[in-house]
Amino acid sequence: MSTTRATADPLAALGSLPGVAESVESVRKAVDRVYGHRVMRRRSNAVTSEAALRGARGSAALSGADWALEEVRRRSDFGGDDEARVVGAALRLTAEAGQLLSIWRQSPLRVLARLHLVAAATGADEVGRPRRAGEGVDEPLIELPLPDADEVSGRLDGLSELIIAGSSAPALVTAAVVHGELLALRPFTSYNGLVARAAERIVLIGSGLDPKSVCPPEVGHAELGRASYLAALDGYVSGTPEGMAAWIAHCGRAVELGARESTAVCEALQRGAA
């Protein structure tokens, strides 16, 4: 976010980048279509539950555990191997995210620590806190240069200050910045991708854009593919206006695809097929 730090509201400044307003409007229309579906008036809880499952599956896929939806639905034991642990962590995070909305605006760093604790599900010393000098990161699918612990601490504080101060920026912009910053920093020793995507979802829900959590962006990120995801992230890390706008547009497209997925769920429920 280095290109916008001089402004009073750097998140709002990002909203004026070329193409971002169009992405914001396209996302709003996609979300409105889901919320306008007749099934949402009667069975919104069922749509939310299915969106949570599909979102967790998508997030796990981006972290290297690309399981079929029915396998995620069927399994009850997620402790057997690395992939199973990733899927289990994604499911736990999806369930936890909705419980943290009231804390996010007051203490985002506390929420991030809680998300890592839930994902890791161990009592190890490094769990639930930002990594310290000399500690490595287990995030093999993201090969960007790793910021040192001092930079992580400073940028996390800056991100926290932006969230607590509030912004006039559209929810999509804030969610994209939170997601991108956490991926760029990889502040924890593990599960950073899962935590970053859970935080993106928290912003979208808490902002009121998707209050029932029926437009899972993780579904869209997975559908767009890991290569596209990482290429867009490179744009965010570059800090250029073009790169930032491309990352925000990518996140917007992911939300739209999540909305499309839940529209299909609504149609299936209407037909009695799901």
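This is a predicted model: local features need pLDDT of at least 70, side-chain atom pairs count only at pLDDT 80 or more; totals for chains, interfaces and linings use all residues.
Me: OK, so where is Tyr 191 found?
Reply: Tyr 191 has a positive phi of about 60°, although it is not a glycine. Helix H10 covers 192–206, and Tyr 191 is found in the loop between H9 and H10.

Me: Is Tyr 191 buried or exposed?
Reply: Let's go by its relative accessible area, which is 18% for Tyr 191. Buried means under 20%. So Tyr 191 counts as buried.

Me: What about Ser 213, what is its phi?
Reply: Ser 213 is found in the loop between H10 and helix H11, which spans 217–224. Its relative accessibility is 10%, so Ser 213 counts as buried. Ser 213 is not a glycine, and yet its phi is positive, at about 55°.

Me: Which residues form a positive surface patch?
Reply: Let's begin with one of them, Arg 43, which lies in helix H3, residues 38–62. Arg 43 has 36% relative accessibility, so it counts as partly exposed. The patch is formed by Arg 38, Arg 41, Arg 42 and Arg 43.

Me: How many salt bridges does the structure hold?
Reply: One of them joins Glu 50 to Arg 54, with the closest N and O atoms 2.8 Å apart. Another pairs Arg 73 with Glu 70, where the closest N and O atoms are 3.2 Å apart. For the whole structure, the count is 18.

Me: Why are Glu 50 and Arg 54 separated by about one helical turn?
Reply: Glu 50 counts as buried, at 14% relative accessibility. Its salt bridge partner here is Arg 54. They're about one helical turn from each other because both sit in helix H3 and they are four residues apart.

Me: How many residues apart in sequence are the parts that Arg 73 and Glu 50 tie together?
Reply: Arg 73 forms a salt bridge with Glu 50, and the closest N and O atoms are 2.8 Å apart. Arg 73 lies in helix H4, residues 69–74, while Glu 50 is in helix H3, so the pair ties together parts whose distance in sequence is 23 residues.

Me: Which residues do salt bridges that share partners join into one network?
Reply: Arg 73 is partly exposed, with a relative accessible area of 37%. Arg 73 and Glu 70 both lie in helix H4, three residues apart, which is about one turn of the helix. Salt bridges that share partners make one network out of Glu 50, Arg 54, Glu 70, Arg 73 and Glu 261.

Me: Let's switch to distances: how far apart in space are Asn 45 and Ser 262?
Reply: Asn 45 is found in helix H3. Asn 45 counts as exposed, with 64% relative accessibility. Asn 45 and Ser 262 are 217 residues apart in sequence, and in space, C-alpha to C-alpha, they are 12 Å apart.

Me: And what separates the C-alpha atoms of Arg 260 and Pro 216?
Reply: Arg 260 lies in helix H13, residues 241–271. At 48% relative accessibility, Arg 260 counts as partly exposed. Arg 260 and Pro 216 are 44 residues apart along the chain, and their C-alpha atoms are separated by 9.6 Å.

Me: Last one: how far apart in space are Ser 228 and Glu 83?
Reply: Ser 228 has its place in helix H12, residues 226–238. Ser 228 counts as partly exposed, with 30% relative accessibility. In sequence, Ser 228 and Glu 83 are 145 residues apart, and C-alpha to C-alpha the distance in space is 22 Å.

Note on methods:
Residues are numbered from 1 along each chain as its sequence is written. Side-chain values use heavy atoms; hydrogens and water are left out. Helices (H or I, at least four residues) and strands (E, at least two) are DSSP runs, numbered from the N terminus. Buried means under 20% relative accessible area, exposed over 50%, partly exposed in between (1.4 Å probe, protein chains only). Patches are made of residues with over 30% relative accessible area and no salt bridge: like charges are joined within 9 Å, nonpolar side chains (Val, Leu, Ile, Met, Phe, Trp, Tyr) within 5 Å. Accessible areas come from the Shrake-Rupley method with a 1.4 Å probe; for residues, only the protein chains shown count as cover. A salt bridge is a side-chain nitrogen of Lys or Arg within 4 Å of a carboxyl oxygen of Asp or Glu. Lys and Arg count as positive and Asp and Glu as negative; His and the chain ends are not counted. The place of a charge is taken as NZ of Lys, CZ of Arg, CG of Asp or CD of Glu.
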